[in-house]
Amino acid sequence: MRLVLLGPPGAGKGTQARILAEAMALAHVATGDLFRLHQARGTVLGKEAASYMERGELVPNRVTIAMLLERIQEPDCAKGFLLDGFPRNLEQARALDDALAKRGWVIDGAVYMKVPEEKLVRRLSERLVCSQCQAAYHTESAPPTVEGRCDKCGGKLYQRKDDSPDAVRRRLQVYMEQTYPLLDYYRTLGKLLEVNGEPPIEEVTQEMKRVLDRVGLASAKGRGVK
Ligand code: AP5
């Protein structure tokens, strides 16, 4: 099965993607995490991406599409995958569909996580991220057990540069201009599923499972697996 998670910055895509990918035995592919990994390694791609990410702009399609298409050819993606943060504009969505079609694959569903803007700003301003495994925490709604340390791997927690108020404002604008129109793209294809991303994390997970179950996509054996 191949799923896409859609939603504004801070909607909880990464949080839910980690839970669902594990529960459904899918590979979790997050373009933001891939860029941050490149930055941590100091690669040329990482340096180029950083200059866009810090300002809240999208990294150019040329770089992003190539990186994503390479990633989904890795063996762990053969069992199915959950995309988090990709596609983010129409060109990316079309490039993804074209590449999948060449392998006889399709996107089975696109889950849109809806959250009001004032909540997004609050979530991002107090988010902490693991410097090693990139798991997200929140000082109020999802605090780590040991302050400053990741529950999963013990990595040091830090605040992302693009969670500054200016960058968040720009990310929300970019989302509305470039990513929001993808809802129509997937709606027209009959693939759009909607989930309320406002309730606590566990409740959102349950709703996502219910929504996926309703259309026969709740397990990796869903209709898209070959
Ligand atoms: P990326 O890393 O993808 O960031 P994003 O899409 O802006 O999403 P976020 O990671 O900010 O939020 P999220 O929805 O994953 O929320 P999370 O689960 O962390 O991209 C960063 C940058 O990389 C982009 O701006 C761009 O520059 C570049 N990039 C990436 N992909 C690209 C692409 N395809 N094309 C071009 N450029 C690209 O949760 C947020 C917080 O809320 C956390 O603290 C969490 O603990 C908390 N939380 C989560 N759920 C709940 C809940 N239900 N209730 C209460 N708190 C919650």
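Which residues does Asp76 touch, not counting residues up to four places away in sequence? Asp76 touches Ala27 and Arg71, where contact means heavy atoms within 4.5 Å.

The structure is a predicted model, in which local features need pLDDT of at least 70 and side-chain atom pairs count only at pLDDT 80 or more, whereas totals for chains, interfaces and linings use all residues. Residues are numbered from 1 along each chain as its sequence is written, and side-chain values use heavy atoms, with hydrogens and water left out.

**Figure 1. Overview of the protein.** The protein contains nine helices and eight strands; these are DSSP runs numbered from the N terminus, with H or I and at least four residues for helices, and E and at least two residues for strands. Along the principal axes, the C-alpha atoms fill a box of roughly 45 × 40 × 35 Å. The radius of gyration is 17 Å, which agrees with the value near 17 Å for a compact globule of 226 residues; the radius is taken over C-alpha atoms, and the globule rule is 2.2 Å times the number of residues to the power 0.38. Of the 226 residues, 49% count as buried, a term that means under 20% relative accessible area, while exposed means over 50% and partly exposed lies in between (1.4 Å probe, protein chains only). Among contacts between residues at least 6 apart in sequence, 69% join residues at least 24 apart. The protein exposes about 11,400 Å², and carbon and sulfur atoms supply 52% of this area; accessible areas come from the Shrake-Rupley method with a 1.4 Å probe, and for residues only the protein chains shown count as cover.

**Figure 2. The shell around the ligand.** There are 37 residues around the ligand, and Thr15, Glu57, Arg88, Arg127 and Arg171 come nearest; a residue is near a molecule or strand if one of its heavy atoms lies within 4 Å of it. By class, the shell has 16 nonpolar, 12 polar and nine charged residues. Here Ala, Val, Leu, Ile, Met, Phe, Trp, Tyr, Cys and Pro count as nonpolar, Asp, Glu, Lys and Arg as charged, and the others, Gly among them, as polar. Helix 1 (13–24), helix 2 (31–41), helix 6 (117–125), strand 6 (136–138) and helix 9 (201–214) each supply at least two residues of the shell. Helix 2 gives the most, with four residues.

Figure 3. A polar side-chain atom of Arg171 lies 2.5 Å from an oxygen atom of the ligand. The protein covers 96% of the 1,000 Å² of accessible area that the ligand has on its own.

**Figure 4. Asp76 and its partner Arg71.** Asp76 lies in the loop between helix 4 (61–71) and strand 3 (81–84). At 30% relative accessibility, Asp76 counts as partly exposed. The side chains of Asp76 and Arg71 are joined by a polar contact of 2.8 Å; such a contact is a pair of N or O atoms within 3.5 Å, and within protein one must be able to donate a hydrogen and the other to accept it, with residues adjacent in sequence counting only if both atoms are side-chain atoms. The C-alpha atoms of Asp76 and Val204, 128 residues apart along the chain, are separated by 26 Å.

**Figure 5. Gln16 in helix 1.** Gln16 has its place in helix 1 and is buried, with a relative accessible area of 2%. Not counting residues up to four places away in sequence, Gln16 touches Met113, Ile201, Val204, Thr205 and Met208.

**Figure 6. The loop between strand 3 and helix 5 (90–102).** Asn89 is found in this loop and counts as buried at 8% relative accessibility. The side chain of Asn89 reaches the backbone nitrogen of Gln92 at 2.9 Å. Pro87 has its place in the loop as well, and a cis peptide bond with omega of about 0° joins Phe86 and Pro87.

Figure 7. Most residues other than glycine have a negative phi. Phi of Ala25 is near 55°; Ala25 lies in the loop between helix 1 and strand 2 (27–30). Gln134 has a positive phi of about 70° and is buried, with a relative accessible area of 11%.
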